[in-house]
Amino acid sequence: MALLVVILSVFYIAMVVVWVSQVFFKMDDQEVKVQHQSPPSVYDCSVDPSVLQDLKEVASLIEDGAYTSEVQKIYRAMRLTMKLRSKLKASVLSAFLNYVLTSGSEVHTRLSSYLPQDRHDSQVHVETPATESKHLLPELEMFCYLLVLIFLIDQKKYNKAKACSSESIFRLKSKNSITADVLASRLYFYYSLSFELAGDLAEIRGNLFALYRSATIHHNKFSQETLLNLLLRNYLHYHLYDQAEKFRSKAHHFKALSNQQFCRYLFYQGKIKTIQLEYTDAKDCLLQAAQKGPTVAVGFKIQCNKWAVIVHLLLGEIPERTIFTQKRMEKALRPYFELTNAFRVGDLELFRTVAEKFSSTFSQDRTSNLINRVRHNVIRTGIKNISVSYTRISLADIAKKLNLDFENTVGDAENIVAKAIRDGAIDATLDHANGWLVSKATGDVYSTNEPQIAFDSRINFCLNMHNEALRALRLPRGLINKGVAT
């Protein structure tokens with residue numbers, strides 16, 4: 001019995017020793033793996049199978065849309081591609097190019113040269129499609145160029161992006177179909193973006209004109225809208241507002257096939273109208289662009305609201321407070337909110353302080369010249385507030401309250417007040433002999449035409465929105481062929 005207990009004890013001790021040794025060896029292996037593990041990178045050679053599978057599904061969707069000439073499938077494929085944009089890696093793109101393109105072909109060789117090479121690329125095995133020997137669809141080739149171009153721009157490889165985009169533009173000149181037109185419009189956009197980021201936007205203006213002329217001849221509507229906006233952006237980037245307006249007025253009528261392109265067109269048109277002193281039309285364009293813009297395009301909405309606020313001030317109007325309290329826009333619109341407060345009280349000194357405080361922001365937004373225009377309206381607002389508050393006040397006191405920075409403040413104040421009276425900004429008379437401003441009794445505003453004018457502007461705005469909504473209605477191709485839509 002004692003011998004049996006000893007044997008069992010020895011066996012139990014041996015098992016414990018073996019188990020402890022296995023645990024220690026396993027921990028040592030894990031430490032070695034952690035030491036040799038490299039940090040994650042976009043150049044990682046590992047291929048994410050989920051991203052690669054999603055790209056294959058997008059390619060299949062583009063192929064189906066090309067065979068059936070369904071534009072909506074191409075649009076859906078573009079939306080799915082934008083969702084995968086942040087997950088694109090060099091290894092994933094290389095694997096996708098091996099899947100779609102024939103290995104060793106000219107397109108495959110050129111696109112692979114733009115991607116960073118890794119010594120482990122040869123170890124990655126990618127399943128090639130069974131239809132590899134078939135003729136490659138132009139839409140799939142354009143999609144491959146688009147993926148590589150987006151990847152290069154995201155990685156800030158602008159010189160390679162310029163070369164890749166120029167090559168893609170050269171190759172798609174011979175491709176003409178409605179589905180290829182959608183993909184071509186996206187390539188045109190990134191073609192211009194790559195040169196803009198590289199600081200060479202002026203170099204492609206002639207090419208954009210040639211592409212726009214070709215798109216007009218071949219009735220490629222999507223490319224026409226995109227190229228029109230790109231040319232307007234090219235002009236506005238270099239402050240060529242007169243040339244931009246001449247081109248816009250003579251260009252083909254905008255059909256608004258894409259809501260994003262239509263919003264950009266309204267924004268550019270609003271900027272041109274603002275510079276050319278057509279503030280009423282500019283306000284309508286900017287407000288419509290801000291309202292029609294996609295919800296996720298926060299940066300675009302911020303730019304539209306910045307210009308719309310300035311146009312409101314140039315018209316002598318105070319923007320609604322809700323503009324400055326929109327979600328994710330409060331911080332960006334803060335300088336313009338303080339500018340509006342200075343305009344509302346008519347304090348010229350406060351206006352100068354705000355303009356100097358945020359001068360760098362206004363210069364970056366390219367609105368410094370417009371801010372200088374607002375100064376005259378600030379003085380007019382101050383005079384209006386003074387005329388309402390005082391029945392009679394001397395011109396010297398007006399100059400003091402307005403904080404005028406002129407040498408002859410009394411004489412300049414008299415000229416400013418006389419101009420305000422002539423323009424109808426205030427209802428008062430000027431006593432030149434005594435140097436007084438005599439305000440008339442304030443009447444009932446509802447006995448004037450101001451309520452009628454306000455209602456008329458609101459009604460016109462609603463009618464324009466209704467007409468734009470009707471023009472944007474789309475019906476399936478089958479219903480149109482059956483004669484349902486007239």
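## Basis and overall composition

Helices are DSSP runs of H or I with at least four residues, strands are runs of E with at least two, and both are numbered from the N terminus. The model described here is predicted. On this assignment, the protein chain has 22 helices and three strands.

The protein chain comprises 486 residues, of which 39% count as buried. Among its contacts between residues at least 6 apart in sequence, 67% join residues at least 24 apart.

## The three-stranded sheet

The three strands form an open sheet in the order β1-β3-β2, with antiparallel pairing. The edge strands are β1 (392-394) and β2 (428-431), each of which pairs on one side only. From one strand to the next, the twist averages 20 degrees.

Strands of a sheet pair through backbone hydrogen bonds, in either a parallel or an antiparallel sense. Here, β1 and β3 are antiparallel and are joined by three bridges; in this pairing, Ile393 stands opposite Leu437 of β3. Strand β3 (residues 436-439) is joined to β2 by four bridges, and these two strands also run antiparallel. Across from Val438 in β3 stands Thr429, while Asp431 stands opposite Trp436 in β3.

## Hairpin and covering helix

Strands β2 and β3 form a hairpin with four residues between them. In the turn, Gly435 has a positive phi of about 70 degrees.

Helix α19 (residues 395-402) lies across β1, β2 and β3 and runs at about 80 degrees to β1. In a regular strand, side chains alternate between the two faces of the sheet. In β3, Leu437 and Ser439 belong to the covered face, whereas Trp436 and Val438 belong to the uncovered one.

## The second largest pocket

The second largest pocket contains about 1700 Å³ of space. It is lined by 50 residues, and those closest to its centre are Phe189, Gln260, Gln261, Arg264 and Phe300. The residues of the lining divide into 23 nonpolar, 13 polar and 14 charged.

Helices α3 (71-83), α8 (178-197), α10 (221-237), α12 (259-275), α14 (298-314) and α21 (450-471) each supply at least two residues of this lining. Helix α12 provides the largest share of the lining, nine residues.

## Tyr265 in helix α12

Tyr265 is found in helix α12. Its relative accessibility is 10%, so Tyr265 counts as buried, the cut-off being under 20%. The C-alpha atoms of Tyr265 and Asn229 are separated by 6.0 Å, although these residues are 36 apart along the chain.

## Loop residues with positive phi

Lys156 is found in the loop between α6 (138-154) and α7 (158-171). Its phi is near 60 degrees, a positive value in a residue other than glycine. Lys156 counts as exposed because its relative accessibility is 62%, and the class requires over 50%.

His239 lies in the loop between α10 and α11 (241-250). Although His239 is not a glycine, it has a positive phi of about 60 degrees. With a relative accessibility of 46%, His239 counts as partly exposed, a class that falls between the 20% and 50% limits.

Conventions. Residues numbered from 1 in each chain as written. Heavy atoms only, no water. Pairing = 2+ DSSP bridges. Axes fitted to C-alpha atoms, helices over the stretch in contact; angles between N-to-C directions. Contact = heavy atoms within 4.5 Å. 1 Å grid on protein atoms, 1.4 Å probe; cavity = no way out; pocket = protein on both sides within 12 Å on 5 of 7 lines; lining within 4 Å. Points joined across faces, edges and corners; volume = space filled by probe spheres on them. Nonpolar A, V, L, I, M, F, W, Y, C, P; charged D, E, K, R; others polar. Buried < 20%, exposed > 50% of the residue type's maximum accessible area, 1.4 Å probe, protein only.
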